[in-house]
Amino acid sequence: MTRTIRKKREDDTTRQDLDLLTDHDVYLFREGSHIRLYEKLGAHPGTVDGVDGTHFAVWAPNAAAVSVIGDFNGWDIDANRLRVRQDESGIWEGFVAGVGHRARYRYRIVSRQDGHAFLKCDPFGFATEASPGTASRVSHLEYAWGDAEWMARRHRANALDAPISVYEVHPGSWRRGEGDRFLGYRELAHHLADHVLDSGFTHVELTPVTEHPFYGSWGYQTTGYFAPTARYGEPQDLMYLVDYLHQRGIGVILDWVPSHFPTDAHGLARFDGAPLFEYADPKRGFNPEWNSHIFDYGRNEVRAFLLSSAMFWLDKYHVDALRVDGVASMLYLDYARQPGDWTPNVHGGREDLAAVAFLRQFNETIYREYQDVQSIAEESTDWPMVSRPIYLGGLGFGMKWNMGWMHDTLEYFQQEPMQRKNHHDKLTFSIWYAFSENFMLPLSHDEVSGDKGSLLGRMPGDPWRQFANLRLLYGYMWGHPGKKLLFMGGEFGQRRGWSHDAGLEWDVLQYPEHGGVLGWVRDLNQCYRREPALYEIDFQSEGFEWMDCHDAENSVISFVRRGRTTEDIILVVCNFTPMPRLSYRVGVPRAGHWQEILNSDATLYGGSGVGNFGGKHAAPVGAHGQFQSLALDLPPLGVVFLKSSATGD
């Protein structure tokens, strides 16, 4: 990032005129189409006429005066005043000699409106001081990447027809070091990669690592849209984490939050004494549910800021996908609002047209620049075509979290088994819409936080039944169409709900039932990655066929998953009661032998051992509309996967 900064005019020697910005940059910024503003605004170390220092540039159109203060000038408000550009861009800039890497700084901004002065961190700052400090730090982004092999092949790892099994991680609470300290990014890299490889996941998703003042927000109240949180290290340390995961063959997804930002005084809120990044109208610019501000998606400069943030993490940190948080809150003007507390759009509707346009611009931009990444929407409503192309009228995301599946499935599993027959539609309804979007099935941090408790703790019955139910839940999930996401701790059946203030309960792995859950997840992931029928046609109805979805009385469902070739067929049968179903007949689309490749009730997982002795031969007995069928022994609260080894129908 170090560079030689040119003068605007050869006959002007004042350093305040030294500039990284061109007139074209300013034009694109004001148009809302600049996608790499981080190269122009913020703090950039460089050399001018042989003098080392840093060039500062900040957007503050409502300011009467701006100065940069820091360690280098004793926080003197008059020592380094910035100069506003004479092009109506509202950008203030200047060069400060002697300022280098890791220097702390803030902008002191004087409001033109009322003359009040306040201190702000840099919206484009690449690093910050450690909490509770709020100053930005000058930082270069130089790093020697070693992930060329991964980058060359990640188009396959991220493809919609690839196996994608995501392990969601909150870095501060995944594992703690001695004295309950945070693990740094570099230390986390090695432990995390080993665990992810052992448990078979293909990708890691990090809850937001963008700088956030309140640790309890889990990163979702972001102030540093270009800065990794200093809680776990420097920018290069986060790069090392991504690099190391890539070198071990693991993709990295980053949670990114363009839906809102916190009210902290040092952040984006009323940045130059007036609403700037947020809408001025509180009916549009404030989210009452999260007590945070909403970006002004109709303002060109704000769109350029957000687009540049998205590109920054793809460009500089080699992130493989962005999971966009809170999309529903962006799409609806009445989100979390009562009647009368929101203003309809120009057509009288509740849709935020500016946010829709921004999301389409965001997806169009990242897929134009990177054909081998993904964008993933956390969108909790039935907004149509979230993951469909823009030219068809969609929002252009690559995938969407299936929140409906998650809610229905967990509601079903919390029922006592003998009552599940009355809730059978909770299982079967998801297939009615399963192929309307490119869905990812999420069991995320939101399902185990607060007073919800752990997934294991939400399962009914005694401990044996709880563990059996949890294994059944995962088996059903891995068999169901859609990519997979599981929050940390779920893979070994953590007992307590998740707390950001403590590490996971790793000590429970000494107990066989918890080790059995981890072994089951490991084998599910290995089977999932090995069998194209389970992932190749995730998003088309051709990849799925019910064998029987009507047996509510016995709480049994059975379905077939198909790959692109006729050889790839997997049968999944789930028994949601604790009663074994012996010689239970299931129709199958093919004669021959069906090998039992997974059984959640196997003794090595902590089950009772009910199964089919490695497989069954189909008999010419009609069932479920098929000419062939299997007489299966279904384990209690269990799921079996069987693979056809026949060569023809």
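Here are some worked exercises on a predicted model.

**Exercise 1. How many of the 11 residues of helix α10 are buried, and which ones are they?**

Solution. 
- Step 1: Find α10 at residues 403-413.
- Step 2: Now look for what does the covering. It includes the strands β20 (399-401) and β21 (439-443), along with the helices α11 (425-428), α12 (430-433) and α13 (463-479).

**Exercise 2. In what order do the 6 strands of the open sheet stand, and which ones are at the edges?**

Solution. 
- Step 1: Walk across the sheet from one side to the other, and you meet β23-β24-β25-β30-β27-β28. The pairing is antiparallel.
- Step 2: Check the ends of that list. β23 (544-548) and β28 (615-617) each have a single partner strand, so one side of each has no neighbour in the sheet.
- Step 3: Zoom in on one pairing. β25 (569-575) and β30 (638-644) are joined over 6 bridges in the antiparallel sense. Ile 570 stands opposite Lys 643 in β30.

**Exercise 3. Which strands do helices α13 and α14 lie across?**

Solution. 
- Step 1: Start with α13. This helix lies across β24 (556-562), β25 and β30, and its angle to β30 is about 35°.
- Step 2: Move on to α14, residues 512-530, which lies across β27 (593-599) and β30. Here the angle to β27 is about 140°.

**Exercise 4. Is Glu 531 buried or exposed, and which residues is it in contact with, leaving aside neighbours within four places in sequence?**

Solution. 
- Step 1: Locate Glu 531 in the loop between α14 and β23.
- Step 2: Take its relative accessible area, 5%, which means that Glu 531 is buried.
- Step 3: With those sequence neighbours set aside, Glu 531 is in contact with Ile 570, Ile 597 and Lys 643.
- Step 4: Look at the side chains of Glu 531 and Lys 643: a polar contact of 3.1 Å joins them.

**Exercise 5. What kind of aromatic pair do Phe 261 and Phe 295 form, and what kind do Phe 413 and Phe 576 form?**

Solution. 
- Step 1: The structure holds 51 aromatic pairs, and we'll look at a couple.
- Step 2: Phe 261 and Phe 295 sit 4.7 Å apart, centre to centre, with 50° between the planes, and this pair is tilted. Phe 261 is in the loop between β15 and α6, and Phe 295 is in the loop between β17 and α7, 34 residues apart. Both are buried.
- Step 3: For Phe 413 and Phe 576, the centres are 5.7 Å apart and the planes 75°, and this pair is edge-to-face. Phe 413 belongs to helix α10 and Phe 576 to the loop between β25 and β26, so the pair ties together parts 163 residues apart in sequence.
- Step 4: Check the burial. Phe 413 is at 0% relative accessibility, so it counts as buried. Phe 576 is also at 0%, so it counts as buried.

**Exercise 6. Where does the charged end of Arg 175 sit?**

Solution. 
- Step 1: Find the ring of Trp 174: the charged end of Arg 175 sits over it, 5.0 Å from the centre.
- Step 2: Then find Trp 506. Arg 175 lies over the face of Trp 506 too, at 4.4 Å from the ring centre.

Conventions. Residues numbered from 1 in each chain as written. Predicted model: local features only at pLDDT ≥ 70, side-chain atom pairs only at ≥ 80, totals over all residues. Heavy atoms only, no water. Buried < 20%, exposed > 50% of the residue type's maximum accessible area, 1.4 Å probe, protein only. Helix = DSSP H or I, 4+ residues; strand = E, 2+ residues; numbered from the N terminus. Contact = heavy atoms within 4.5 Å. Pairing = 2+ DSSP bridges. Axes fitted to C-alpha atoms, helices over the stretch in contact; angles between N-to-C directions. Polar contact = N/O pair within 3.5 Å; in protein donor to acceptor, adjacent residues only side chain to side chain. Phe/Tyr/Trp six-rings, centres within 6.5 Å; stacked < 30°, edge-to-face > 60°. Lys NZ or Arg CZ within 6 Å of the ring centre and 35° of its normal.
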